[in-house]
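Here is a friendly tour of one protein model. Take a moment with the sequence and the 3D view before reading on.

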Amino acid sequence: MSETATVREVGLRDGLQMISTFFPTDAKLAWIRAELEAGVKDIEVCSFVPPKNIPQFADAVAVAEASVAMPGLRPSALVPNLKGAQRAVATGMPELHFVLSVSEEHNLRNVQRTVQQSVDEFRAVVELARAQSFPVRVSGALATALGCTIAGPVDPGRVVELAHILVEAGADELSVADTVGYANPAQTRRLFEEVGRAVAGRIPVAAHFHDTRGLGLANVYAAVEAGVRLFDASLAGLGGCPYAPGASGNIVTEDLVFLLESMGLSTGIDLGRLVEVRRIVAQHLPDETLYGQIAKAGPPKGFARAA
Ligand code: ZN
């Protein structure tokens with residue numbers, strides 16, 4: 001039996017949040033179902049930001065409720081604050097991703113709070129989660145952990161400090177994100193080794209990379225070397241940012257699965273069936289560029305999944 005790695009689809013949240021064309025609710029659910037059938041069990045299905053800020057998530061409650069009812073799926077949702085967490089748990093959502101930026105400037109712009117205010121709110125979200133009649137996991141997502149478009153370089157010492165704070169506050173998972181695609185593999189390996197030491201195996205550490213400068217999968221390799229076994233990715237690399245010229249979305253789920261399986265890390269995902277799911281995205285977003293090399297070139301002759 002080979003070692004396993006977990007691939008978490010975030011295209012329905014990170015990918016769609018920058019796309020103004022409304023992706024119909026039924027199509028979102030068809031996308032989720034199709035990925036689940038391909039073996040992707042962890043899917044961030046929506047974001048509980050105020051719908052007036054991002055109309056794409058006006059159907060968050062409907063998507064969340066339907067996802068929670070899908071057998072075998074481990075759905076999660078992004079929550080920017082306590083109000084979002086309250087809306088999420090009301091749907092039965094079993095996993096919340098609470099996002100705060102390591103960069104003070106980015107946090108103020110993204111969630112209109114200081115980092116300290118977000119940390120305090122994180123504690124309130126953990127309390128809310130523990131008060132539910134069903135188990136709710138809370139992930140602390142550290143955005144701009146490897147660089148910030150506003151502040152520039154980010155101090156790794158501050159990332160480690162916040163990792164300690166979130167673990168002590170009761171996080172069930174820590175997610176470290178290169179939100180704007182600034183990271184390089186050497187920096188990635190160092191940071192994830194340091195965060196790994198801070199967390200000391202108490203909770204899983206997830207890595208979240210954007211491929212803005214073409215180093216997304218190289219950073220995955222570096223994070224694997226540092227011991228990370230949980231990765232976010234977006235089908236067809238969907239996403240981007242209207243404020244960052246040339247920005248692309250997350251690393252491509254299909255290519256990530258190929259990389260991990262090639263390295264002998266079993267993901268439980270059927271690559272061929274996963275590539276097929278792109279049709280649903282293409283059908284509803286005909287004007288979006290779909291990224292990904294495996295979808296174009298196919299796996300190499302003789303490629304076999306990690307067994
Ligand atoms: Zn992201």
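Which residues of H10 are buried? They are Thr253, Glu254, Asp255, Leu256, Val257, Leu259, Leu260 and Glu261. Here, buried means under 20% relative accessible area, exposed means over 50%, and partly exposed lies in between (1.4 Å probe, protein chains only).

First, some ground rules. This is a predicted model, in which local features need pLDDT of at least 70 and side-chain atom pairs count only at pLDDT 80 or more, while totals for chains, interfaces and linings use all residues. Residues are numbered from 1 along each chain as its sequence is written, and side-chain values use heavy atoms, with hydrogens and water left out.

**Helix H10 and the cores**

Helix H10 spans residues 253-262 and is mostly covered, with eight of its ten residues buried. Helices (H or I, at least four residues) and strands (E, at least two) are DSSP runs, numbered from the N terminus. The buried residues of H10 pack against several elements, among them strand E1 (6-9), strand E8 (230-233) and helix H12 (278-284). After H10 comes glycine 264, whose phi is positive, near 85°.

Leucine 260 also belongs to the largest nonpolar core, which has 89 residues; along with Trp31, Ile32, Leu96, Val195, Val220 and Phe231, it touches the most other members. A nonpolar core is a set of buried Ala, Val, Leu, Ile, Met, Phe, Trp, Tyr and Cys residues joined through side-chain atoms within 4.5 Å. A second, separate core of seven residues includes Val49, Ile54, Leu78 and Ala141. In soluble globular proteins, nonpolar side chains tend to be buried together.

**Helix H7**

Helix H7 (residues 156-168) has 13 residues and reaches 19 Å from its first C-alpha to its last, close to the 18 Å expected at 1.5 Å a residue. That expected span is 1.5 Å times one less than the number of residues. Val159, Val160, Leu162, Ala163, Leu166 and Val167 are the buried residues of H7. Seen down the helix axis, they fall within an arc of 165°, so they line one face of H7; the arc is that of the directions from the axis to the C-beta atoms. An α-helix has 3.6 residues a turn, so residues three or four places apart point the same way. At the N-terminal end, aspartate 155 caps H7, with a side-chain oxygen 2.9 Å from the backbone nitrogen of glycine 157.

**The zinc site**

The zinc ion is coordinated by Asp14 (OD), His208 (NE2) and His210 (NE2), at 2.0 to 2.1 Å. Donors are N, O and S atoms within 2.8 Å of the metal (3.2 Å for Na, K and Ca), and water is not among the atoms, so sites may look incomplete. Aspartate 14 lies in helix H1 (residues 11-15) and histidine 210 in the loop between strand E7 (205-209) and helix H9 (216-225), so the pair ties together parts that are 196 residues apart in sequence.

| Residue | Relative accessibility | Class |
|---|---|---|
| Aspartate 14 | 7% | buried |
| Histidine 210 | 9% | buried |
| Arginine 278 | 11% | buried |
| Lysine 296 | 64% | exposed |

Arginine 278 sits in helix H12, whereas lysine 296 lies in helix H13 (residues 293-297).

Technical notes:
A polar contact is a pair of N or O atoms within 3.5 Å; within protein, one must be able to donate a hydrogen and the other to accept it, and residues adjacent in sequence count only if both atoms are side-chain atoms. Contact means heavy atoms within 4.5 Å.
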